[in-house]
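This report covers a pocket, a pair of loops and a set of paired strands. The sequence and model come first.

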Amino acid sequence: QVQPVESGGGVVQPGGSLRLSCAASGFTAHFGTIAWFHQAPGKEREGVSAIGNDGSTYYTDSVKGRFTISTDNAKTTVYLQITSLKPEDAGVYYCAASRYRDLIRTRRAFLVYEYDYWGQGTRVTVSS
């Protein structure tokens with residue numbers, strides 16, 4: 001199975017933390033890059049973080065220092081640890097997988113059309 005499956009969304013207070021998971025069996029064999037995209041209500045889907053098959057990582061400026069992307073040792077799950085949640089972090093988070101291995105190096109990691117497989121998304125609500 002190559003379809004990413006997200007989980008871990010929920011309701012969190014501002015300033016709180018959350019860990020999103022993306023089950024992506026076959027990362028090593030099939031994917032070069034996996035990324036998390038965020039879609040706020042009424043806005044376009046935007047990339048927030050990506051990880052390459054070589055372990056390289058990439059973050060959009062607004063989440064640096066608050067979001068951390070990682071994989072488990074077997075590279076079957078990609079995590080997005082979110083801390084210091086802000087109201088603008090609310091929305092649906094999508095996990096996407098691409099066959100290309102050079103997206104981070106070539107600054108294409110947040111281009112939606114570079115990704116072959118998308119999950120259904122997991123919703124994060126930030127509310128006190």
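## Largest pocket

Strand 5, residues 46–52, contributes the most to the lining of the largest pocket, with 3 residues. Strands here are DSSP runs (E, at least two residues; helices are H or I, at least four), numbered from the N terminus. The model is predicted: local features need pLDDT of at least 70 and side-chain atom pairs count only at pLDDT 80 or more, while totals for chains, interfaces and linings use all residues. Residues are numbered from 1 along each chain as its sequence is written, and side-chain values use heavy atoms, with hydrogens and water left out.

The largest pocket holds about 330 Å³ of space. Its lining has 19 residues, and those closest to the centre are His 38, Glu 46, Ser 62, Glu 88 and Asp 89. A pocket is an open set of points on a 1 Å grid over the protein atoms alone, where a 1.4 Å probe fits, with protein on both sides within 12 Å along at least five of seven lines; lining residues have an atom within 4 Å of a point. Grid points are joined across faces, edges and corners, and the volume is the space filled by probe spheres set on the points.

By class, the lining divides into 8 nonpolar, 4 polar and 7 charged residues. Ala, Val, Leu, Ile, Met, Phe, Trp, Tyr, Cys and Pro count as nonpolar, Asp, Glu, Lys and Arg as charged, and the others, Gly among them, as polar.

Strand 4 (residues 33–39) is mostly covered, with 6 of its 7 residues buried. Buried means under 20% relative accessible area, exposed over 50%, and partly exposed in between (1.4 Å probe, protein chains only).

Thr 33 stands opposite Gly 52 of strand 5. The two strands form a hairpin with 6 residues between them, and Gly 42 in the turn has a positive phi of about 75°. Strand 4 is also antiparallel to strand 9, through 7 bridges. Phe 37 has Tyr 94 of strand 9 as its bridge partner.

Lys 75 is not a glycine, yet its phi is positive, about 55°. Lys 75 sits in the loop between strand 7 (67–71) and strand 8 (77–82). Its relative accessibility is 22%, so Lys 75 counts as partly exposed.

Ser 84, also a residue other than glycine, has a positive phi near 50°. Ser 84 belongs to the loop between strand 8 and strand 9 (91–98), and is partly exposed at a relative accessible area of 39%.

Conventions
Pairing = 2+ DSSP bridges.
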